[in-house]
Amino acid sequence: MATFEWETLSSTAPAARNRTPAPAGNGSDGAQSSIVLGPRDRLVGQLYVEGDVRVAGTVEGGLEVTGSVEIDDGGRVTGPVTAQDRLVVGRSGSLVGDVRVARLVVQDGATFSGKVSMGKQVEAPPKPVEPPVAVPEPVKAEAPVKAEVPATVAEPVKAPVPVKTPQPLKGQRNPQQFQSPKPPDRKGKRR
Amino acid sequence: MDVQEAVAESTSVASAEDNGDARRGGQRKFTMGPNDSLEGKLVYEGDVHVDGRAEGEFKVSGNLDVAQGATARISIEAANVTVKGQVEGSVNVHDKLTLGKNAKLSGDIVVRRLQIEDGASLNGHVRMGDIEQHGSGG
């Protein structure tokens, strides 16, 4: 019995060791991948890479890369590109799509069209700060209540109660509120 | 005619005839210094060098360059534009736009050729192609 277990362990150990590089490569501190799409290669879809990507072929879709993206040697990308480090559009490269990058290099001769977002600016900054959206919820709650009116008479009174009082988040504590060890769970009761 | 209704706030822009407005090989040049400032609309036949602080609208038949350290909140239309400082506003370039390594540009761009050096910062839409405009093309 013991030998059998030992044999099993010893036989799986090398196999596990062989497999480890693959998961380690996905980790941030592991070897990062570097993908090259040659002139005759073509990708249609979304590509996420932890590492660098070099496009000399055609990409139709989105590129999201933790390293840098280089588009050159006739490379063409149609779609959004996100690079945590750098995007280079070489002199024979073409990129049509919105771009979110830390660094951007466009060489003379390159084709590039799209929206560029660099730095800490968040997309769509002009939007004013909205107050917590509590208005549409009562309306939403009322609709089914109204529908239920002919069926049950007592229900409409009960229904708005849990909706009206916003449930306090677990992290939030109001010192003025009486703190009971077990807060009444109305929703659970109703159900 | 609101042509050249630029408001000069410092001496050297005011004396552009003497210092700033120089001719180089037949091409006129409007040159601002680092302490100059300009607010308003400038329509100029020739090249313009923007330094210091500029605000408004620049329509230039030649080349326009924004010096390093300059702050410009302007909309630009020019044949070629080189940015080494900060620009906020739309940029229409008939030929080529170059963003230097310290350039900061936020605004929409219409351009035929584009060159961005590493280190430059850009926020806005980029559209490559010819500018739709009447009159002097190319």
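A110(A) is buried in this predicted model. The count behind that label is 22 other C-beta atoms within 10 Å. A residue is buried if 20 or more such atoms lie within that distance, so A110(A) qualifies.

Where does A110(A) lie? It lies in the loop between β11 (99-106) and β12 of chain A. D72(A) is 38 residues from A110(A) in sequence. In space, the two are 8.6 Å apart, C-alpha to C-alpha.

Next, follow chain A into strand β12, residues 111-118. This strand pairs with β14(B). The pairing is antiparallel and runs over three bridges. One residue pair can be named here: K115(A) has H125(B), in β14(B), as its bridge partner.

Now take the interface as a whole. On chain B, 15 residues are in contact with 17 residues of chain A. Two elements of chain B give two or more residues each to its side: β13 (113-116) and β14 (121-128). The largest share comes from β14(B), with eight residues. By class, this side of chain B has six nonpolar, five polar and four charged residues.

Step back to the chains themselves. Chain A has 191 residues, and 15% of them count as buried. Its secondary structure comes to six helices and 12 strands. Of its contacts with a separation of 6 or more, 6% are between residues 24 or more positions apart.

Chain B has 138 residues, and buried residues make up 33% of them. Its secondary structure comes to one helix and 14 strands. Among its contacts between residues at least 6 apart in sequence, 12% join residues at least 24 apart.

How far can the model of chain A be read? Its average pLDDT is 67, and 46% of the residues score at least 70. Two stretches call for care. Over residues 1-29 of chain A, pLDDT stays under 50. The model has five contacts beyond four places in sequence for that stretch. Over residues 137-191 of chain A, pLDDT again stays under 50. Here the model has 14 contacts beyond four places in sequence. Where pLDDT is low, predicted coordinates should not be read in detail.

Technical notes. Residues are numbered from 1 along each chain as its sequence is written. Chains are lettered from A and ligands numbered from 1 in the order in which they are written. This is a predicted model: local features need pLDDT of at least 70, side-chain atom pairs count only at pLDDT 80 or more; totals for chains, interfaces and linings use all residues. Helices (H or I, at least four residues) and strands (E, at least two) are DSSP runs, numbered from the N terminus. A residue is buried if 20 or more other C-beta atoms lie within 10 Å of its own, exposed if 12 or fewer, and partly exposed in between; C-beta atoms are placed from the backbone. Two residues are in contact if their C-beta atoms, placed from the backbone, lie within 7 Å. Ala, Val, Leu, Ile, Met, Phe, Trp, Tyr, Cys and Pro count as nonpolar, Asp, Glu, Lys and Arg as charged, and the others, Gly among them, as polar. Two strands pair if DSSP finds at least two bridges between them. pLDDT is the predictor's confidence in each residue, from 0 to 100.
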